[in-house]
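Please open the model in your viewer and keep the selection tool at hand.

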Amino acid sequence: MLIAVAAIRMRDLFGVVILFGVYSLLTAVLFMDLDAVDVAFTEAAVGAGVTTVLLLSSLRLTRRWEAPPRHSPLLSLLVVCVTGAALVYATLDAPLLGDPTSPVHKHVAPRYLQEAAGEVGMPNIVTAVLASYRGYDTFGETLVIFTAGLAVLLLLGFREETNTPVESGSMHEQVVLKTVVKLIIPLILLYALYVQFHGDFGAGGGFQAGVIFATGFILYEMVFGAENARGVMPADWLPRLAALGVLLYGGVGIFSMLAGKPFLDYSALSADPVQGQHLGVLLVELGVGITVFSIVLSIFYALSGRKRRHD
Amino acid sequence: MIEIPGLFNYWVVVFLMMAGFYVVISQGNLVKKLVGLGLFQASVFILYITMGNLSGGQAPIVTEGVFIYSNPLPHVLILTAIVVGVATTAVGLALVVRIHEAYGSIEEDEIHALDLADDEALSMEKDDPQDSSE
């Protein structure tokens with residue numbers, strides 16, 4: 001909370017962004033405390049990692065200092081106080097934290113908890129619900145991410161500019177940094193793969209794995225420069241990879257339709273329904289992982305490859 | 001775990017949500033507005049996860065000897081929402097970058113003033129076409 005207030009007060013946008021990252025990390029710790037390991041994992045990777053990097057790269061393209069406020073904030077403060085008071089009044093009727101009789105726990109959740117292990121055949125219920133029971137939602141969300149990535153590319157341009165921005169030079173002399181990063185990157189990528197394929201047993205899955213994998217590449221680009229990173233993973237492959245991920249997800253759905261089952265019913269994939277479910281979830285998570293990875297990385301490329309406008 | 005009053009989490013959520021809301025409506029800087037939107041978003045995430053929590057529950061990964069799990073459904077919703085959130089934030093940032101390229105500023109007031117000046121110049125041209133062509 002204090003961090004949030006400090007972030008509002010500060011006029012140096014660089015500091016605001018870093019505080020926002022700290023805030024995300026603290027939120028992740030809170031999620032962990034509330035038994036939401038998968039969510040904590042995602043928040044730590046996305047909020048504290050990728051969002052901060054993206055905000056910083058767009059600050060590089062704009063400016064660091066915020067102008068002093070022109071008008072008094074009293075009116076908006078009043079609006080906020082009134083809304084906040086109304087919301088606090090509303091919480092007085094809300095169920096207490098951890099109350100097992102609250103309506104949230106009465107609907108479909110007990111069924112998921114009891115049946116998921118038998119029907120889908122994987123201990124991590126979050127992954128089972130994500131990829132199997134609510135497969136349509138997840139497909140939709142993957143499409144949203146894909147569309148958002150395309151929107152960024154359309155706004156900032158597919159094509160790289162002919163001369164990439166000149167590095168400040170200081171990065172190239174950082175021997176210690178380079179050596180450490182060289183050691184860390186393979187571990188990051190390996191860990192991402194572990195998260196990807198182990199998501200059905202422990203915390204993790206396609207979303208987290210894609211983000212972590214992209215983080216490895218972002219680190220590489222930041223330390224070793226844009227040309228090296230684009231040599232490893234060319235920018236024009238990324239939209240194709242993203243489309244491939246979405247197609248993989250949709251393809252699994254179409255396949256089960258062709259096999260005479262409803263769209264995205266994975267039991268069509270194998271003679272044994274539980275086996276089929278497991279295979280389906282793995283394929284779908286792979287599709288999600290590929291899409292998320294390539295979209296995050298291409299957004300970063302688009303932001304970092306752009307030259308600063310001189311004003 | 002320490003005993004916390006049952007509603008405390010909701011109040012934290014309300015506070016954070018209002019903090020984000022305040023930033024969005026009162027600050028002129030576009031990047032800061034996006035950060036405020038992020039604050040707001042995170043508070044909603046906390047609200048969902050709070051609802052999914054169950055006292056004495058464990059993380060929803062089936063293990064021997066554990067019978068109470070917290071509700072997996074909010075976790076699924078929020079997990080995807082976080083990733084979608086970063087994607088939409090990126091779209092916002094891309095727009096900010098383009099606005100900065102077009103106007104040379106990311107302050108709402110300055111952009112508005114520039115727009116007004118543009119409009120005035122345009123209407124002047126319409127009123128007096130010969131003046132501008134000379």
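**First stop: a serine of chain B**

Select S43(B): leaving aside neighbours within four places in sequence, this residue is in contact (heavy atoms within 4.5 Å) with Y23(A), V13(B), L16(B) and M17(B). S43(B) belongs to helix α2 of chain B, residues 30–52; helices (H or I, at least four residues) and strands (E, at least two) are DSSP runs, numbered from the N terminus. With a relative accessible area of 0%, S43(B) is buried. Here buried means under 20% relative accessible area, exposed over 50%, and partly exposed in between, using a 1.4 Å probe and protein chains only.

**Before going further**

This is a predicted model, in which local features need pLDDT of at least 70 and side-chain atom pairs count only at pLDDT 80 or more, while totals for chains, interfaces and linings use all residues. Residues are numbered from 1 along each chain as its sequence is written, chains are lettered from A and ligands numbered from 1 in the order in which they are written, and side-chain values use heavy atoms, with hydrogens and water left out.

**The two chains**

Colour the model by chain and select chain A. Its secondary structure consists of twelve helices and zero strands. Of the 311 residues of chain A, 47% are buried. Among contacts in chain A with a separation of 6 or more, 70% join residues 24 or more positions apart. Chain A exposes about 14,900 Å², and carbon and sulfur atoms supply 70% of that area; accessible areas come from the Shrake-Rupley method with a 1.4 Å probe, and for residues only the protein chains shown count as cover.

Now select chain B, which has five helices and zero strands. Of the 134 residues of chain B, 53% count as buried. In chain B, residues 24 or more positions apart account for 46% of the contacts with a separation of 6 or more. The accessible surface of chain B is about 6,300 Å², with 62% belonging to carbon and sulfur atoms.

**Helix α4 of chain A**

Select residues 74–91 of chain A, which form helix α4. At 1.5 Å a residue, these 18 residues should span 26 Å, and the end C-alpha atoms are 26 Å apart, which agrees; the expected span is 1.5 Å times one less than the number of residues. Which residues of α4(A) are buried? They are S76(A), V80(A), G84(A) and T91(A). Seen down the axis of α4(A), the buried residues fall within an arc of 65°, so they line one face of the helix; the arc is that of the directions from the helix axis to the C-beta atoms. An α-helix has 3.6 residues a turn, so residues three or four places apart point the same way.

**The largest nonpolar core**

Next, select F31(A), L54(A), I145(A), V152(A), F207(A), V292(A) and L297(A), which touch the most other members of the 94-residue largest nonpolar core. A nonpolar core is a set of buried Ala, Val, Leu, Ile, Met, Phe, Trp, Tyr and Cys residues joined through side-chain atoms within 4.5 Å. Helix α3 of chain B (residues 72–103) gives the most to this core, with 15 residues. The core also draws at least three residues from each of domain 1 (1–64) and domain 2 (127–311) of chain A; domain bounds come from an automatic or database domain assignment.

Centre the view on V292(A). Not counting residues up to four places away in sequence, V292(A) touches I145(A), F207(A), G210(A), V211(A) and V83(B).

**Three further residues of chain A**

Select T291(A), in helix α12 (residues 273–304) of chain A. Is T291(A) buried or exposed? At 0% relative accessibility, T291(A) counts as buried. Beyond residues up to four places away in sequence, T291(A) touches T142(A), F146(A), A242(A), G245(A) and V246(A).

Move to L55(A), in helix α3 (residues 37–61) of chain A. L55(A) is buried, at 1% relative accessibility. With residues up to four places away in sequence set aside, L55(A) touches V17(A), F20(A), V31(B), V35(B) and L93(B).

Finish at W237(A), in helix α11 (residues 237–258) of chain A. At 46% relative accessibility, W237(A) counts as partly exposed.
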